[in-house]
Amino acid sequence: MVTSTSRRMAAVALVSAALVTGGATSSYAAQNTGAGTSGAQATTTEWQGSDKGLAARWASCTAQVNNPHWSKKGKSVIFKTRVTCAGNIARVHVKVTGKLYRKSGSKWKAVAGSSETKVKATNGSVSTYYTPRPSGKKVTLDGTYKGQITVQITSPFPGTKGKASSKAVKVNTPGK
C-alpha cells in the first residue's frame, strides 16, 4: 500500500500562508518494488519570491516498510523502515514513528514502538529506522506480527504525514 500526500507552505513578501492540498502525486512517488514491503510518502513544498515570480523549494521522502522478522544481532523481533528523500532542499528532518503489533486471538496488540528523527540528505541515499530501536524493548515470543509506521518531514518546515503497514507474518523465534 502506498500513500501520498502533500502540504504546501507559501511565503510571499515575507508573509506566510498555509495551503493544504491532498492526494498530490508526482513522478518520484513511492512504488511498491520489494517483496514484503509497503510504502508511504511525505512531501513538503515552500514557495518564495515576489509578485514577479515564485521559486519552489521542495522535498519528498519515501518510506518502505519491511516485514517483521527475527534479528539475530538484536535478539528480538523487529522490522525496518528504509527512507529515501529527493528535492532541492539540501537536508530535511524526517520523523518515523513505528509500532510492532502481535496478534493475540483475533486482536492486534502493540508490543513495541519507536520514534526517531534523523537529518536526511535529499540525494536519494537510504537511511534505516528500526522498530523497536536497538536499545529498546526486546520482543522474543513466537507469533504473527505486523509493523505500522507514520513518516513526516518536520523541518525546515512541516510536511504531511504518510502512513504504511507491513504484511502480517508468522515469526518463529529461537528456543530459549
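**Strands and pairing**

Mentor: β8 and β9 run antiparallel and are joined by 5 bridges. Two strands count as paired if DSSP finds at least two bridges between them. This is a predicted model, in which local features need pLDDT of at least 70, side-chain atom pairs count only at pLDDT 80 or more, and totals for chains, interfaces and linings use all residues. Residues are numbered from 1 along each chain as its sequence is written, and side-chain values use heavy atoms, with hydrogens and water left out.

Trainee: What do β8 and β9 form, and what stands opposite G162 in β9?

Mentor: They form a hairpin with 5 residues between them. V151 is the residue opposite G162.

Trainee: Now the core. Which residues have the most contacts inside the largest nonpolar core?

Mentor: They are V83, V92, V94, L100 and I149, in a core of 26 residues. β4 (53–66), β6, β7, β8 and β10 (169–171) each give two or more residues to this core, and the largest share, 9 residues, comes from β6. A nonpolar core is a set of buried Ala, Val, Leu, Ile, Met, Phe, Trp, Tyr and Cys residues joined through side-chain atoms within 4.5 Å.

Trainee: What does V94 touch?

Mentor: Leaving aside residues up to four places away in sequence, V94 touches several residues, among them C61, V83, Y129, V151 and I153. A contact means heavy atoms within 4.5 Å. Among contacts in the protein between residues at least 6 apart in sequence, 64% join residues at least 24 apart.

Trainee: Changing topic, what is the volume of the largest pocket, and which residues lie nearest its centre?

Mentor: Its volume is about 210 Å³. The lining has 14 residues, and S71, G74, I78, Y130 and P134 lie nearest the centre. On a 1 Å grid over the protein atoms alone, a pocket is an open set of points where a 1.4 Å probe fits, with protein on both sides within 12 Å along at least five of seven lines, and lining residues have an atom within 4 Å of a point. Grid points are joined across faces, edges and corners, and the volume is the space filled by probe spheres set on the points.

Trainee: Which strand gives the most to that lining?

Mentor: β6 does, with 3 residues.

Trainee: And the backbone: where are the cis peptide bonds?

Mentor: One runs from T131 to P132, with omega near -10°, and P132 is in the loop between β7 (107–131) and β8 (143–155). Another runs from S155 to P156, with omega near 20°, and P156 lies in the loop between β8 and β9 (161–165).

Trainee: What is the phi of K75?

Mentor: K75 has a positive phi of about 50°, although it is not a glycine. Most residues other than glycine have a negative phi, and most peptide bonds are trans. K75 is in the loop between β5 and β6, and K75 is exposed, with a relative accessible area of 58%.

Note on methods
Helices (H or I, at least four residues) and strands (E, at least two) are DSSP runs, numbered from the N terminus. Buried means under 20% relative accessible area, exposed over 50%, partly exposed in between (1.4 Å probe, protein chains only).
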